[in-house]
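Q: I have a structure open and would like to go through it step by step. Can we start inside the protein and then move on to other parts?

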Amino acid sequence: MLEPRSHGLWQHSAPEAPRTEALSGEVATDVAIIGGGFTGLSSALHLAEAGARVVVLEAAEIGFGGSGRNMGLVNAGMWIMPDRACDALGPEHGERVLDVLGRAPSLVFDLIARHGIACEAVRNGTLHLAAGRAGIRELEARCEQWSRRGAPVRMLTAAETASAVGTTRYRAALRDDRAGTIQPLAYARGLARAAAQAGARIFTRSAVTTVERVDGKWRLGAAAGGVRSDWVIAGTNAYSDGLFPALREEFVPLPYFLCATRPLGDNTRRMILPDREGAWDTGISVASFRTDAAGRLIFGSVGAFGGAAGAVHRAHARRALARLFPVLGPVEFEFEWHGQIAKTRDNLPRYHELAPQVLSFNGYNGRGIGPGTMFGKILAGRIVGPPKDLPLPPTPPDLVPFRALRAAAFEFGSALVHVV
Ligand SMILES: Cc1cc2nc3c(=O)[nH]c(=O)nc-3n(C[C@H](O)[C@H](O)[C@H](O)COP(=O)(O)OP(=O)(O)OC[C@H]3O[C@@H](n4cnc5c(N)ncnc54)[C@H](O)[C@@H]3O)c2cc1C
């Protein structure tokens with residue numbers, strides 16, 4: 001069982017996980033997948049549907065990492081501006097990754113429909129909200145860059161923003177009709193159920209502690225058994241534990257916390273995000289908010305609960321909600337939790353071929369629902385499909401210098417920003 005304190009509201013409202021066991025004994029398979037989040041489970045589902053034998057090994061429980069803790073915004077694209085992605089990756093890979101990730105929400109909502117995954121899916125778009133004049137300029141540039149690529153995005157006026165969000169604090173918004181929201185832990189559990197029904201074997205409480213070459217196969221060792229396979233996928237993103245040291249060393253863990261109110265009254269629900277879009281702003285510490293199916297308001301920002309900083313972040317969340325929605329009155333939170341985001345140096349994800357037939361996509365920079373699902377499908381295609389170019393070129397890991405210092409700066413800096 002996941003801890004409610006680590007997965008908060010999502011643990012409370014998700015349907016049960018499919019039954020799984022810890023690995024014991026030796027198992028032979030075609031593909032061994034490390035990590036039971038969106039990347040690993042989407043790979044497993046698509047591989048199993050293509051007829052491959054697949055084993056997933058998850059250290060804790062399905063959705064234990066970012067997949068079971070996140071805000072549930074199914075975004076198209078990445079944090080980084082579209083043109084900057086092309087500058088960084090070159091026009092060919094840049095346009096390819098934008099195209100693929102622009103279509104990622106459709107893949108997520110199609111999988112949800114095809115497999116009947118009960119995860120509070122709402123595809124009503126997202127609203128990126130302008131904080132100040134700089135925010136308006138940023139969103140206008142984003143809107144122009146996506147529009148040039150044919151994406152269904154548009155700027156909302158101050159009046160349109162106020163009526164869509166239920167506050168006059170923002171002067172403009174970028175609406176993206178490709179996107180939506182889900183209950184993320186429920187989606188992860190639904191993907192696991194679909195993968196298992198397609199034939200994948202999923203083992204939980206089975207941390208992989210060794211990867212070695214034995215008789216021409218890979219052997220992944222866990223406490224009470226091992227898996228031999230031709231291929232290995234590492235889908236461990238921000239929860240990489242050092243099994244492949246480079247995967248952990250190439251991102252800085254960025255803490256992000258979420259808190260959820262009790263269900264709002266009917267009148268308030270009709271005022272705040274009445275169409276249930278996911279929303280976040282361009283502010284320095286980012287405020288994101290949305291509602292769930294029961295009408296709770298969920299607020300998130302940079303920082304982690306635990307220790308003295310927890311009280312600072314909680315007070316900040318209360319003040320922020322009071323400023324945005326005075327109609328709420330004094331705010332109490334029913335659930336609080338946090339997780340960590342894999343932030344790479346250039347805010348772009350990474351594709352690695354860590355060794356022959358050992359593949360990994362990671363470094364989603366807080367955008368992993370669409371990308372994890374899409375890259376998982378692409379990894380499956382890389383293994384069972386005809387050879388084709390991937391959206392990202394394989395690169396050697398790009399280690400972040402002074403990683404621990406940078407991580408401490410995020411924790412300390414977020415608390416400092418949230419004190420006032
Ligand atoms: C608070 C928060 C809010 C976010 N909000 C959003 C959002 O609104 N929209 C969005 O798109 N993204 C969001 N993200 C990012 C998103 O959650 C992640 O990018 C995504 O879940 C990554 O999926 P994954 O499968 O690659 O990795 P994870 O879900 O992190 O899964 C990795 C798994 O690997 C397992 N593991 C690690 N090492 C081993 C090992 N040695 N053996 C076996 N298993 C191992 C871990 O236990 C873990 O379960 C958010 C993240 C956080 C933390």
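Q: Which residues does L47 touch?
A: Leaving out residues up to four places away in sequence, L47 touches V31, I33, A52, V54, I233, A380, I383 and V384. Contact means heavy atoms within 4.5 Å.

Q: Is this an experimental model or a predicted one, and how are residues numbered?
A: This is a predicted model, where local features need pLDDT of at least 70, side-chain atom pairs count only at pLDDT 80 or more, and totals for chains, interfaces and linings use all residues. Residues are numbered from 1 along each chain as its sequence is written, and side-chain values use heavy atoms, with hydrogens and water left out.

Q: Ok, back to the core. Which residues touch the most other members of the largest one?
A: L47 and Y187 do, in a nonpolar core of 80 residues. Such a core is a set of buried Ala, Val, Leu, Ile, Met, Phe, Trp, Tyr and Cys residues joined through side-chain atoms within 4.5 Å. Buried means under 20% relative accessible area, exposed over 50%, and partly exposed in between (1.4 Å probe, protein chains only).

Q: Which helix gives the most to this core?
A: Helix α8, residues 184-197, with eight residues. Helices (H or I, at least four residues) and strands (E, at least two) are DSSP runs, numbered from the N terminus.

Q: What about a second core?
A: A separate core of 26 residues includes Y170, A173, L264 and L328.

Q: New topic: the ligand. Which residues come nearest?
A: T39, E58, S67, L73 and D241, out of 35 residues around the ligand. A residue is near a molecule if one of its heavy atoms lies within 4 Å of it.

Q: What distance separates the ligand from the side chain of S67?
A: An oxygen atom of the ligand is 2.5 Å from an N or O atom in the S67 side chain. For T39, the corresponding distance from a ligand oxygen to a side-chain N or O atom is 2.7 Å.

Q: And which strand gives the most to the shell around the ligand?
A: β18, with three residues.

Q: Where does N365 sit, and is N365 buried or exposed?
A: N365 is in the loop between β20 (358-362) and α12 (369-384). N365 counts as buried because its relative accessibility is 4%.

Q: And is F402 buried or exposed?
A: F402 counts as exposed, at 65% relative accessibility. F402 lies in the loop between α12 and α13 (403-419), and its phi is also positive, near 55°.

How values were computed
Polar contact = N/O pair within 3.5 Å; in protein donor to acceptor, adjacent residues only side chain to side chain.
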